[in-house]
Every structure is written in structure tokens, then in C-alpha cells.
Amino acid sequence: MNHPLQCRCGTIKGYVVRPGMANRAICYCRDCQAFARFLERADTVLDENGGTAIVATLSKQVHFNQGLEALASMSLSDHGMYRWYASCCNTPIGNTPRDFKTPYVGLIGSCLTSSSPSLQESFGPVRMVLNTKYARGHVESTSLGNLMTMLGLMRSVIGARLNGTYKRNPFFDTETGSPIKRPHVLTKAERERVTNAA
Ligand SMILES: [Zn+2]
Ligand SMILES: [Zn+2]
């Protein structure tokens with residue numbers, strides 16, 4: 001069963017194709033924390049240790065049915081990932097590499113909240129815990145599990161590149177390689193405001 005995707009106010013709606021490659025992760029990195037602060041959603045996006053729930057999947061598995069006009073993107077720096085969000089209600093949607101030929105998206109748990117099916121039912125348990133050194137408090141990292149999961153993910157991304165399915169990507173115009181929404185790259189002052197706010 002496909003897993004529903006939607007922003008908090010319901011303007012943007014879509015789904016993640018199931019079954020397919022998808023792994024749940026929690027990322028504690030400073031950039032993910034800064035993104036939640038940029039959206040002024042740190043209270044709902046971040047867990048008690050500052051972690052962001054992520055479902056890592058292939059771009060071709062993500063489809064939007066409505067509300068694309070509200071989709072927006074930003075980047076914390078001029079070489080950072082594109083971070084996509086719903087501008088209608090500041091719900092984070094996901095992170096993508098700048099090059100669409102690496103057809104990966106880390107969807108943010110906030111746009112995948114659903115009681116049926118639950119994240120657990122659709123995507124299984126959390127298999128990767130990333131950048132735990134930036135966690136607030138002690139978080140156990142499971143390095144062997146991380147490594148195996150990461151390898152499976154890389155194999156899927158490379159496979160999609162080889163078989164041409166990377167061209168199905170809802171975040172990019174794959175003719176030109178441009179993101180469908182021009183990302184707002186934070187200025188130094190804007191970046192400092194979202195990274196230093198504790
Ligand atoms: Zn919305
Ligand atoms: Zn992160």
C-alpha cells in the first residue's frame with residue numbers, strides 16, 4: 001500500500017510508492033536542526049534529543065497529487081542540500097542532493113504522519129542513526145546496521161541511475177536539471193540566526 005504524504009494544512013498531498021527502497025533514519029546533524037528552526041517548527045519536528053525523523057527513499061517513489069504551487073525550497077549554504085518544504089504551513093517535506101542524477105530524497109517524518117498505515121507498517125523500524133555527536137543527551141549509534149543500510153541505499157541509487165529511472169523525479173525538471181522551485185540560499189546572517197539559536 002502506498003504511504004500518504006501531506007503537509008500539515010493539507011494543501012500539498014501525495015504519496016510514497018510502496019513497496020520499494022525506503023529506510024527510516026534519525027539524523028541529529030546541525031543542518032537538519034537548523035532547517036527545523038528556519039521553519040519555526042523545531043518543537044514538532046525535532047525529538048527530545050534534537051533528532052529529525054527521515055525516510056530515505058528514491059525520488060521516483062515520491063509523487064505529488066496536489067499543491068505543488070506551495071512547494072518551496074531553501075539551502076543553508078551555496079553548496080548545501082536542497083531542503084524542500086510546504087510554504088503554506090512550514091511543514092518540512094524532504095532533502096535532496098543538488099544533482100538530480102543522484103536520485104535520493106530524505107523525506108521528513110512530519111509530512112508522513114499517518115495512523116494507518118503507520119511509519120512502522122510502511123517502512124519498518126528505524127535502521128540508521130546519524131550524526132549522534134550532535135544529539136542533545138546520549139544517543140546510542142548502531143554503526144554496523146548503519147553501514148549495511150547505507151550500502152543498500154547506495155546500491156538502489158546507483159541502480160536508478162543506470163536504468164534511467166532517475167529521470168522520474170518530482171523535485172527537478174530532469175530535462176534541464178534545475179530544481180522545480182528556485183531555492184532560497186540563506187545569507188550568512190540568516191544562517192547564523194538558525195544555527196546559533198539553541
Ligand atoms: Zn500546508
Ligand atoms: Zn541531518
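Q: Is the site of the zinc ion (ligand 1) tetrahedral or irregular?
A: This is a predicted model: local features need pLDDT of at least 70, side-chain atom pairs count only at pLDDT 80 or more, and totals for chains, interfaces and linings use all residues. Four donors count as tetrahedral if all angles lie between 85 and 135 degrees; four count as square planar and six as octahedral if opposite donors are over 155 degrees apart and all others between 65 and 115, and anything else is irregular. Here the 4 donor atoms make angles of 103 to 118 degrees, and the site is tetrahedral.

Q: Which residues coordinate the zinc ion (ligand 1)?
A: Residues are numbered from 1 along each chain as written, chains are lettered from A and ligands numbered from 1 in written order, and side-chain values use heavy atoms, without hydrogens or water. Donors are N, O and S atoms within 2.8 Å of the metal (3.2 Å for Na, K and Ca); water is not among the atoms, so sites may look incomplete. The donors follow the spacing C-x1-C-x78-C-C along the chain. At 2.3 to 2.4 Å, the SG atoms belong to Cys7, Cys9, Cys88 and Cys89.

Q: Is Cys89 buried or exposed?
A: Buried means under 20% relative accessible area, exposed over 50%, and partly exposed in between (1.4 Å probe, protein chains only). Cys88 has 37%, so Cys88 is partly exposed. Cys9 has 45%, so Cys9 is partly exposed too. Cys89 has 10%, so Cys89 is buried.

Q: Which residues coordinate the zinc ion (ligand 2)?
A: The donors follow the spacing C-x1-C-x2-C. Cys29 and Cys32 are both buried. The SG atoms sit at 2.2 to 2.3 Å and come from Cys27, Cys29 and Cys32.

Q: How many disulfides are there?
A: A disulfide is a covalent bond between the sulfur atoms of two cysteines. The rule used here asks for a pair of cysteine sulfur atoms within 2.5 Å. By this rule the count is 0.

Q: In which strand does Thr91 lie?
A: Thr91 has 4% relative accessibility, so Thr91 counts as buried. Not counting residues up to four places away in sequence, Thr91 touches several residues (heavy atoms within 4.5 Å), including Cys7, Tyr85 and Cys111. Strands (E, at least two residues) and helices (H or I, at least four) are DSSP runs, numbered from the N terminus. Thr91 lies in residues 91-96, strand S8.

Q: Which residue meets Lys188 in a salt bridge?
A: A salt bridge is a side-chain nitrogen of Lys or Arg within 4 Å of a carboxyl oxygen of Asp or Glu, and the structure holds 1. An α-helix has 3.6 residues a turn, so residues three or four places apart point the same way. At 3.4 Å, N to O, the partner of Lys188 is Glu192.
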